[in-house]
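Subject: Structure handover

Hello,

Here is the structure, with notes on what was found in it. Please look it over before reading on.

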Amino acid sequence: MEREWLFLLIPLLIGVSFLGVAVYGLRRASALRRSGLTAVGRVVRHETRRDDDGGKYHHPVVAWTTRDGGECTYRSTFGRGTVLPGFGIGSSVTVLYDAENPHRFEVRGWDSKTFYLVFAGVGAVLTAGALSVLLVLLFTF
């Protein structure tokens, strides 16, 4: 067997990295859904960022009061290309937050685990494909 098998490490490394991001994100979201507290928040503004290709992403900044009376104002991690109906400035939204660390939160209906599921799917395909080809190469030579 020549050194061609070394090129399989690239998709394998990418696949395992994607799976790591997916597992981290899905476990974090699951823990937040299990033990998080809900609050009614208000969208106070949208922070907009542009990527390298010129794509525009809107991140709602939501303010809410925790159960112990603390005031929180944080920007959502997830950005979208358009502002969805019901998430404009001044809109009332439901927030799920970690009581010990309110910076860990999600805006119901805006934040989505779909991002992590896509990472899991792509990571699984890359990892399984690279391992399959590697095993075939190992057993045929």
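Which residues have the most contacts inside the largest nonpolar core? They are V62, W64, V93, V95, Y97, F105 and V107, in a core of 14 residues. A nonpolar core here is a set of buried Ala, Val, Leu, Ile, Met, Phe, Trp, Tyr and Cys residues joined through side-chain atoms within 4.5 Å, buried being under 20% relative accessible area with a 1.4 Å probe, protein chains only. At least two residues of this core come from each of β1 (37-50), β2 (56-65), β4 (92-97) and β5, and β4 gives the most, with three. Strands are DSSP runs of E, at least two residues, and helices runs of H or I, at least four, numbered from the N terminus.

This is a predicted model: local features need pLDDT of at least 70, side-chain atom pairs count only at pLDDT 80 or more, and totals for chains, interfaces and linings use all residues. Residues are numbered from 1 along each chain as its sequence is written, and side-chain values use heavy atoms, without hydrogens and water.

A39 has V95 of β4 as its bridge partner, and Y97 has F105 of β5.

W64 touches V95, Y97 and F105, among others (heavy atoms within 4.5 Å), not counting residues up to four places away in sequence.

Regards

How values were computed. Buried < 20%, exposed > 50% of the residue type's maximum accessible area, 1.4 Å probe, protein only. Pairing = 2+ DSSP bridges.
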